[in-house]
Amino acid sequence: MGNIEERVKKLFVKLFDMKPEEVNLEANLNDDLGMDSTEIVELTVALEKEFKINIEDGEIKKRHCVSDVVNIVKNRIK
């Protein structure tokens, strides 16, 4: 399955053409990564496909950092 944290970071880089060094666990989705609501929806769909999980609407939007997104995925996979 691979490291969840690394797989999530790779999705950010791939989907939004970000530099890998930009996507650290403390990076704020809005302030540091400049993500808007459309990109957060894209991320949610990509995470659901990548990890075969279900993420409720708006759940990621309520979160602030990449680490929060990683924790959502980890909690869904359990």
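Is lysine 9 buried or exposed? In this predicted model, lysine 9 counts as buried, because its relative accessibility is 18% and the cut-off for burial is under 20%. Lysine 9 lies in helix α1. Setting aside neighbours within four places in sequence, lysine 9 is in contact with Val23, Asn24 and Leu25.

**Overall fold**

The protein contains three helices and zero strands, and the order of its elements from the N terminus is α-α-α. Its radius of gyration is 11 Å, close to the 12 Å that the globule rule gives for 78 residues, so the protein is as compact as a globular protein of that length. The C-alpha trace spans about 30 × 25 × 20 Å along the principal axes. Of the contacts between residues at least 6 apart in sequence, 53% join residues at least 24 apart.

Buried residues account for 38% of the 78 residues.

In soluble globular proteins, nonpolar side chains tend to be buried together. In this model the largest nonpolar core has 24 residues, and those that touch the most other members are Val8, Phe12, Met35, Leu47 and Ile60. Helices α1 (4-16), α2 (37-51) and α3 (66-77) each supply at least two residues of this core. Leucine 47 touches Val8, Leu11, Lys52, Ile53, Ile55, Ile60, Val69 and Val73, when residues up to four places away in sequence are not counted.

**A buried loop residue**

Asparagine 28 is found in the loop between α1 and α2. With a relative accessible area of 16%, asparagine 28 is buried, because the cut-off for burial is under 20%. Beyond its neighbours within four places in sequence, asparagine 28 is in contact with Leu33, His64 and Cys65. Asparagine 28 and isoleucine 4 are 24 residues apart in sequence, and their C-alpha atoms are 19 Å apart in space.

| Residue | Relative accessible area | Contacts beyond four places in sequence |
|---|---|---|
| Lysine 9 | 18% | Val23, Asn24 and Leu25 |
| Asparagine 28 | 16% | Leu33, His64 and Cys65 |

Methods
Residues are numbered from 1 along each chain as its sequence is written. This is a predicted model: local features need pLDDT of at least 70, side-chain atom pairs count only at pLDDT 80 or more; totals for chains, interfaces and linings use all residues. Side-chain values use heavy atoms; hydrogens and water are left out. Helices (H or I, at least four residues) and strands (E, at least two) are DSSP runs, numbered from the N terminus. The radius of gyration is taken over C-alpha atoms; the globule rule is 2.2 Å times the number of residues to the power 0.38. Buried means under 20% relative accessible area, exposed over 50%, partly exposed in between (1.4 Å probe, protein chains only). Contact means heavy atoms within 4.5 Å. A nonpolar core is a set of buried Ala, Val, Leu, Ile, Met, Phe, Trp, Tyr and Cys residues joined through side-chain atoms within 4.5 Å.
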